[in-house]
Each structure stands twice: as C-alpha cells, then as structure tokens.
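User: I would like to go through this model with you, one topic at a time. Could you take my questions as they come?

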Amino acid sequence: MLKKVLVANRGEIALRVVRACQELGIRSVAVYSDADAHAPHVREADEAVHIGPAPSRESYLDGERIIAAAKAAGADAVHPGYGFLSEREWFARAVREAGLVWVGPPAEAIAAMGSKTAARTLAVAHDVPVVPGTTEALPDAAAAKKVAKTFGYPVLLKAAAGGGGKGMRVVRTAAELPEAWESARREARNAFGDDAVYVEKYIEGPRHVEIQVLADHHGTVIALGERECSVQRRHQKMIEEAPSPAVSPELRARMGAAAVRAAKAAGYRNAGTCEFLLARDGNFYFLEMNTRIQVEHPVTELVTGVDLVQWQLRIAGGERIPFPDTMEPRGWAIECRITSEDPTNGFLPSTGRIECLHVPSGPGVRWDGGVESGSEVGLHYDPMLAKLIVWGSSREQAVDRMHRALRELIVAGVETSREFHLRVMEDAEFRAGAIDIQWLERRLPSLLGAAPSVAERQAAAIAAALIADADRRGTRHTAQAVASESASGAGVASAWATLARREALRP
Ligand code: MV4
C-alpha cells in the first residue's frame, strides 16, 4: 500500500484525493500557489508545500517543481487529479523516473490515446466501433472529397491532434468542402501546432455517453457502467448523470465490453473513461479515451458504490480489483457543476470574495467543493467551485432532490450557475430525459428567458415578509439587500433571501 501521496492539483479534486487518502490511512501532501495558501485542500492535507506564484504555468503546471516537492516531502506517489498535468505523457514518465508511483495510467497508454487517429486505429484493430471515416490524416481537400463521397454527406473534418472541438468543421455538401478544409487545417495548426485533418461521417443529434473503466496491474479490466454527459455548452459539461436514460442493460453490456477492449488494447491501468457518441438509431461509436479521473466520477460512485479515487490509490499500490466485471447501476445520480459564471451574461466568469456559502445537505446529497466562506475567486483557475451530486431511487426522485438541494444552496458574493441548474431541473424536456449534445444550446434562450423559477418566486415571497419583519427588528440593512436583489430579479435573489431569512429568524 502507498504510504504518502502528493496531490498535484488544487480545488475540489485535490480535496477529494486528500479525503480518499485519509480514509485509506495514507498521508497526503498538498501543493499550493500563492493564491491558494489558505485553501481548504491545503488545510485538510497532512502536509503542504508551496510551489510558486498564482499563474498555473509557474505552479500547478510546473512538473519539475512538483516532483521536487514530492521528493522533499518523502512522498512515494503522485496523484495528478484532472486537468493540469494529469494527461501529460512527459509528466507521468518523469514521476516514474523519479522513483515515484504515478497514480494513473502508464505514460505509454496516455500516448496511445493522445492522438485521435492513433486511438481510432487502435479501436478498429480491436473491434471497437468507430464512426465511419478515415484513420489516417488526408493530404488535401480533393482526397477528403473522395472519401466523403464513399459514405455520403454530411461529414465532419477533425484535427488528428484534436480536442475540445478545435479544428472541427461540419460539411454538408461537396461544394463547401475546400473552404472548410482550409479553415480546419488553419485552426488545428494554431491550436495544436499540427495541421493533420481527417474525415468522419457526421452523426446528427447524438448523445455523449461515456464508460468508466478500472484496470489493475494483474490483468483485470472492468467497466462500471455509463455516464450521460450530453448537457454541455461549448464542450464544457454542465450536468452529468448515471445511468443514461438512453442505455438499456443490453446496450450497457455491449458498450462496457467495447470500452474494456479499448482499454486492454492501450495497455491501460488505473481509472479511465471511454467516450462514445450514442446515435439516435442506437448505434454507438468510440470517440476517445480520457486517461484520468474525471470531474463527473461521483455519479458513477453513487450508483455503483465503488469509491473510484480510493481504487485509483489501491490499484497504484498493487491491489487487485475485487469487483465483478459487470455492474448494474442502483438508482440514479445527477451532478451539477457549480461554477462562478453568470448564466444571464453568456456564462461570463464572475470574480470576488465568497461572502457566504451555505452547503445543501440531507438525504442523498453530496457536495464535492473546493471553496468556503471567505474564499477569493479570481481568474487564474477554472471557474468550477464545487459539484453538487445527488442520488435518488429513480431519475425523477434524483431530479426533484437536485432541485431541493439547489434551493438550499447559498453562494453570495459571486455569480454562479445555481439558477441555471434550477431552471434545467424544472425543464420538461430535461425531466423527460430528451437530451442530446445540442440540447442545451437549443434550449438556453428559453431556459434563461423563462418565468421566475419556483425558488425565485419563493424568494420574492420570503423577501416581502422579511422587509416588514426586519424593520421591526431594526435589521433594515438585511431587508434592503433582499429587496434590491429581489427587485432586480437577479439569480442571487433567493440566495440573499435565504440568508436574510436566517438572520431575521435569529432570536
Ligand atoms: C463528432 C460529432 C458528430 N459526428 N463526430 C466533439 C469533441 C470531440 N471530442 C468529438 N466531438 C464530436 N464528434 C462525429 N462523427 C459531434 C461531436 C460533438 C460533441 C461530442 C461530445 C460532446 C459534445 C459535443 C458537442 C459538439 C460536437
């Protein structure tokens, strides 16, 4: 078993890993930048090492510095979390060469899955379905046109080095292809320094469904079911759930088996995720493998009962996976990403001090957060403050429970995605599970333009009652905050109202 793990990350995932270490009796070492000296992940870890100034490049992305910190602290392993250095092949290799255990897949597996075309080639060779198209980059637009003709329009041009939708172009007719080809190449070159582009059949209105896998060092590879991640905006996932409303036990078994084949083909170890497109006709296609623990891992944990982060640590320490290779989900789990973004203002990042944070609780509620009251939210790092995750015995119960939990949540001081999530939980299409990867962009105008949510209407009623009450108690300042926020109709109204309510009810 590992004895001391350096957590090469910050925020909620760093705290998540520290908690797993504590539960396993492993010592944890946090790292922190100037901006994070007082962050919860630093305080909760057994030890902490300062690694540099606020900009990530000089702290959380400084691999040499992090490895030096691990050695200085006497750690025997490094857990990278997600983002930052988690999928850098060179870092995984450097950690290993420093004599430390890498809590993740081998550098070779990261490399095998790093290129889209290489991953497609690997998938094809192991009977994992991929979208019809080429597995090689094409020399020019004429070659692309020729290939497109064989499986018909629309087609999608994709960057071989791809990621985040960069260098992707939908082409609906042969006439549009040359121009799209040039712009896809240009974008790929700028984004990845690699202008290799290939062609796929364009799948209309699919879902994004991914399969969680775990692989140990003794040849066992298992699938832990799927996550539905279609509710996303500009390639940023907003809400994830497990299982998917579109996946039957039979489909789950086939997708799971395909994911296990892909993982085995890559020599995969530890936790990873195979991303698929699930087409309207029920066909599924492998897209890529994420060689890290993902943001949305808790929904799988809640429906399988498997602590994925603990198992990352156990597997890295040499333990065998004790679970059966087929796992049916129990109940339903939903995750909402609580970000410091203003949904009414194009999801513009919001900064400031978190003046008040009241975390939801009660049956079936989990909060994986990285901030607290008093935390400063700046622009140096990702705007995700926390994840609110709920479990229910059915999808409907989970959605209702998420709505209840979101109503309990108060974040005052920065704008957040809370109100947006409330509206989604109230949305008839979402409640019917009728979602695909374009659903959110399509629905956003009506979601944000909709009548005030239940929470807002309640907040308005509470605010009205409070104004009278606060006057009597001489706490007019609270009443004024409530009144002005309510009158503006801003998403923070209910947060202030709940805060004020608590103030007003204080004896
Ligand atoms: C596709 C597709 C439709 N057809 N491939 C987007 C990012 C990259 N990882 C793969 N992506 C897509 N590939 C074919 N042949 C649609 C997308 C896509 C998408 C996929 C998953 C989640 C969100 C998405 C949003 C837009 C487009």
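User: Where is Pro-243 found?
Analyst: Pro-243 is found in the loop between strand E11 (236-242) and helix H9 (249-265). Please note that this is a predicted model.

User: What kind of peptide bond joins Ala-242 and Pro-243?
Analyst: The bond joining Ala-242 and Pro-243 is cis, and its omega is about -5 degrees. The peptide bond from Tyr-153 to Pro-154 is cis as well, with omega near 0 degrees.

User: And where does Pro-154 lie?
Analyst: Pro-154 lies in the loop between helix H7 (141-151) and E6. Strand E6 itself spans 155-159, and it supplies at least two residues of the shell around the ligand.

User: Let us turn to the ligand, then. Which residues come nearest?
Analyst: There are 16 residues around the ligand, and those that come nearest are Lys-158, Glu-200, Lys-201, Ile-203 and Glu-288.

User: How much of the ligand does the protein cover?
Analyst: The ligand has 520 Å² of accessible area on its own, and the protein covers 89% of that.

User: Which strands supply the shell, and which domains?
Analyst: Strand E6 (155-159), strand E8 (197-201) and strand E13 (284-290) each supply at least two residues. By domain, at least three residues are drawn from each of domain 2 (115-131 + 204-329) and domain 3 (132-201).

User: New topic: backbone angles. What is phi of Arg-234, and what is phi of Asn-270?
Analyst: Phi of Arg-234 is near 50 degrees, a positive value in a residue other than glycine. Asn-270 also has a positive phi, near 75 degrees, and is likewise a residue other than glycine.

User: Where in the fold are they found?
Analyst: Arg-234 is found in the loop between strand E10 (221-233) and E11, whereas Asn-270 is found in strand E12 (residues 270-278).

User: Is Lys-116 buried or exposed?
Analyst: Lys-116 is buried, because its relative accessible area of 10% falls under the 20% cut-off. This lysine is found in helix H6 (residues 116-125). Lys-116 and Gly-163 are 47 residues apart in sequence, yet their C-alpha atoms are 8.4 Å apart in space.

User: How enclosed is helix H13?
Analyst: Helix H13 (residues 418-426) is largely enclosed by the rest of the structure, because eight of its nine residues are buried. Among them are Arg-418, Glu-419, His-421 and Arg-423, together with Phe-420 and Leu-422.

User: Finally, how many disulfides does the count come to?
Analyst: The count comes to zero disulfides. Among the cysteines, Cys-21 is buried at a relative accessible area of 0%, and Cys-229 is buried, also at 0%.

Methods:
Residues numbered from 1 in each chain as written. Predicted model: local features only at pLDDT ≥ 70, side-chain atom pairs only at ≥ 80, totals over all residues. Heavy atoms only, no water. Near = heavy atom within 4 Å. Areas by Shrake-Rupley, 256 points an atom, 1.4 Å probe, with all protein chains shown as cover. Helix = DSSP H or I, 4+ residues; strand = E, 2+ residues; numbered from the N terminus. Domains from an automatic or database assignment. Buried < 20%, exposed > 50% of the residue type's maximum accessible area, 1.4 Å probe, protein only. Disulfide = S-S within 2.5 Å.
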